[in-house]
Amino acid sequence: MIIGVGERNGQLDLGGILPDHESGYTQDNVMALVNRHARPAVFLALRLIEFEGRRFVGIEVQPFDRTPIICGVATPNEAGNAILRVGDIVARTRDRVATSRVSDANLIAEIIEVAAEKRAQEIITTAQRIGLRLPDNDRTLFENERQAFGDFG
Amino acid sequence: MMNYTINDIEQQPRFVVAIAPLRYDAERLSIERCVDIVSTCQVRVRGWSFPYSNREGIVSGERNRYIMHETEVQGIIKHLERWRMYRSGQFVFRMMLWEVPDASVQEKMRENADGSNYRHWDFDKLNGFVSFIGVIYSISEAFTFASRLVQAVPYDTSADISVSLRGVKNWALGSTNFGVSLDEAYIARADALEHQVIAPLDELVADPLGKAADAITSLFQQFGWMDPSRMMIGNWQRQIFK
């Protein structure tokens, strides 16, 4: 995400961030604000960017580690209405460059699949660390096959 | 000329190739099919085929799991090579670099390096020279063979391809051609230089020489040659792949 870029009539407005606002965008402030609502916590990295004499704040959002990030505390807007409700998941949309609440069934299925793969990888890593031997995968079978030929470890 | 035998390959600078699908099926091919596939996929672009085989020299390996072939020929150059084609569709290949046993070729590359712009060679620390043009040719042949192999078997997944130069620690890239010299000393600091790629079948079949150029670039970079020109690699490829 880049803070300091607006959009008017479909055109990007590279106005930059106001100097008064810039000081509020610190790593600690943003992480504290976001993680007040995110379960589990999101990992973020902030970078100040200069472009054509204007300043912007880039926020790099890391992919989730084990489970998808879910809204744990609703985020009201200034009018008191909930922008995000408890249980919402937000993600990048497919049709335009934006982030929004996930309502696409296919995207939800994809997120669940990614989470399952990450968890499976974690289980495999743990199993190998404690000495459990897993069934050989195809790559290992090919490696075993050519081992006697030499030069392949 | 050093008198190496087939069993010396593993101790000398060598070119090693492995090509396999991603899904293992130990009985994907019959032994007869393995023989046919290798002979029909061979690449003949410079008076020698990759891989080399004659039907009489092909034997079946342990428990009929593969066929294998060994070549030990003394012609103008010494050629030592062995390969296996497994019934799983996996192919493995090893060849001693032809320039290794030939003292006159080594001397020619040394003179060429000595006469180049680069004056700071420490020849005492070098074990010898690997022809950079030979690397381009061998890898290009290997990827062309791979593009044929994946269609002949056929593979039903991407191809896992590894090409490597082994036993090359303290060997430098060189040239036997006095009109073609390298500007700097590119010396392998590791014993094994390897490029491994999972190649989608459509990309491999459509552009095997492009995939080969990626591998050549990677191996040259592991010699310390960080910016070999794609145009230069393509020009040498076109010398034999007309």
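A salt bridge is a side-chain nitrogen of Lys or Arg within 4 Å of a carboxyl oxygen of Asp or Glu. The model is predicted, so local features need pLDDT of at least 70 and side-chain atom pairs count only at pLDDT 80 or more, while totals for chains, interfaces and linings use all residues. Residues are numbered from 1 along each chain as its sequence is written, chains are lettered from A in the order in which they are written, and side-chain values use heavy atoms, with hydrogens and water left out.

**View 1. Salt bridges and polar contacts between chain B and chain A.** B:Asp160 and A:Arg139 form a salt bridge, with 3.4 Å between the closest N and O atoms. The count of salt bridges between the two chains is three. There are also 13 residue pairs in polar contact, both residues at pLDDT 80 or more. A polar contact is a pair of N or O atoms within 3.5 Å; within protein, one must be able to donate a hydrogen and the other to accept it, and residues adjacent in sequence count only if both atoms are side-chain atoms.

**View 2. The side of chain B that touches chain A.** In this interface, 23 residues of chain B are in contact (heavy atoms within 4.5 Å) with eleven residues of chain A. The buried area is about 1,500 Å², and carbon and sulfur atoms give 51% of that area. Buried area is the accessible area (1.4 Å probe) that two parts lose on being put together, summed over both. On the chain B side, B:Tyr24, B:Gln90 and B:Arg94 lose the most area to chain A, together 35% of what that side buries.

View 3. Strands (E, at least two residues) are DSSP runs, numbered from the N terminus.

**View 4. The neighbours of S6(B).** Two strands pair if DSSP finds at least two bridges between them. Strand S5 (residues 66–74) of chain B pairs with S6(B) in the antiparallel sense over nine bridges, and B:Glu72 stands opposite B:Leu80. A hairpin of three residues joins S5(B) to S6(B). S6(B) and S7(B) also run antiparallel, joined by five bridges. In their hairpin, which has four residues between the strands, B:Gly89 takes a positive phi near 100°.
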